[in-house]
Amino acid sequence: MKPLIGVLPQIDEKREFLRMFPDYFEAIKEAGGIPIMLPLLSDEETVRKCADICEGFLFTGGPDIAPERYGETPVSQSVVTFPPRDELEMAMLEVVEKSGKPILGICRGAQVINVYHGGTLYQDLPTQHPSETCHAQKPPFDMPAHNVTLTAGSPLQELLRKDELAVTSRHHQAIRKLGDGLKVMAESEDGLIEAVCLPDYGFLWAVQWHPESSHKTDEASKALFRAFINAV
Ligand SMILES: [Mn+2]
């Protein structure tokens, strides 16, 4: 039986419509799972029921996490938040992590997992971590934007059996202080943490890049989704 994967909901820029980039659903389907978008409701009963029904969870990309969640205030107008997603995702992580069910975080998903574990973020890379490396690529979004070095012995390095990986990159924030218990699986050329895992957990992986954008053409992106669904 194909596993049911709960996908955390996205919302449009005007905050009027829930939405989902089809790439997330297609990548899950291709890897052997059935994706379902969860409601943007964070009351305890709803979160528990959703956590109960689904067998794996994908934390998607989206707006910035409110800096107050990691003890800061916004550094500039470049920080655009949507607190109802923070509320839902923190509540969902708390319930799901107790269940031990597999979790994959992508982009914002990686950031929210880091903040949930007590880490902090660069709020605005161009001003707080200026570099020559392109983290805000222009279309086409399925093409690599920069390289990452995979940490020797990390589950991601063991999966892909290579030391360097060319990845997509569409983020203006990134992990700054690593959350408690998380381990680095990949770092960009300019020293940003681009992938993490929680070693004392069955499968909790998170990447800063967008494997869903390149899953049709890139073997490493396919392998990442397959590893997630296989863990489920
Ligand atoms: Mn990047």
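Helices (H or I, at least four residues) and strands (E, at least two) are DSSP runs, numbered from the N terminus. The model is a predicted one, so local features need pLDDT of at least 70 and side-chain atom pairs count only at pLDDT 80 or more, while totals for chains, interfaces and linings use all residues. Residues are numbered from 1 along each chain as its sequence is written.

Ala152 sits in the loop between strand 8 and helix 6 (155–160). Is this residue buried or exposed? A residue is called buried if 20 or more other C-beta atoms lie within 10 Å of its own, exposed if 12 or fewer, and partly exposed in between, with C-beta atoms placed from the backbone. Ala152 has 8 C-beta neighbours inside 10 Å, so it counts as exposed.

Ala220, for its part, belongs to helix 7. With 19 other C-beta atoms within 10 Å, Ala220 is partly exposed. Ala220 touches Leu160 and Leu165, leaving aside residues up to four places away in sequence; contact here means that the C-beta atoms of two residues, placed from the backbone, lie within 7 Å.

An α-helix has 3.6 residues a turn, so residues three or four places apart point the same way. In helix 1 (residues 22–30), the buried residues are Tyr24, Ala27 and Ile28. They span an arc of only 100° around the axis, which puts them on the same side of helix 1; the arc is that of the directions from the helix axis to the C-beta atoms. The packing partners of these buried residues are strand 1, strand 4, strand 5 (56–59) and helix 7 (219–231). Just after helix 1 comes Gly32, with a positive phi of about 105°.

The pairing of helix 2 with helix 3 can be looked at in more detail. Two packed helices are described by the angle between their axes and the distance between the axes. Helix 2 and helix 3 pack at an angle of about 40°, and their axes are 9 Å apart. Axes are lines fitted to C-alpha atoms, for helices over the stretch in contact, and angles run from 0 to 180 degrees between N-to-C directions. That angle makes helix 2 oblique to helix 3, given that angles under 35 degrees count as roughly parallel, over 145 as roughly antiparallel, 65 to 115 as roughly perpendicular and the rest as oblique. Val47, Arg48 and Ala51 of helix 2 make the contact with Ala91, Met92, Val95, Val96 and Ser99 of helix 3. These contact residues divide into six nonpolar, one polar and one charged.

Leu38 lies in the loop between strand 4 (34–37) and helix 2. Leu38 counts as buried because it has 21 C-beta neighbours inside 10 Å. Leaving aside residues up to four places away in sequence, Leu38 touches Gly6, Val7, Leu8, Pro9 and Cys50. Leu38 and Pro9 are 29 residues apart in sequence, yet their C-alpha atoms are 5.8 Å apart in space.

Arg15, in the loop between strand 2 (10–11) and strand 3 (18–19), is not a glycine but has a positive phi, near 65°. Arg15 is exposed, with 10 other C-beta atoms within 10 Å. Cys107 also has a positive phi, about 55°, although it is not a glycine. Cys107 is found in the loop between strand 6 (103–106) and helix 4 (108–116), and counts as buried with 24 C-beta neighbours inside 10 Å. Finally, the peptide bond from Pro139 to Pro140 is cis, with omega near 0°, and Pro140 is placed in the loop between helix 5 (125–128) and strand 8 (146–150).

Notes. Nonpolar A, V, L, I, M, F, W, Y, C, P; charged D, E, K, R; others polar.
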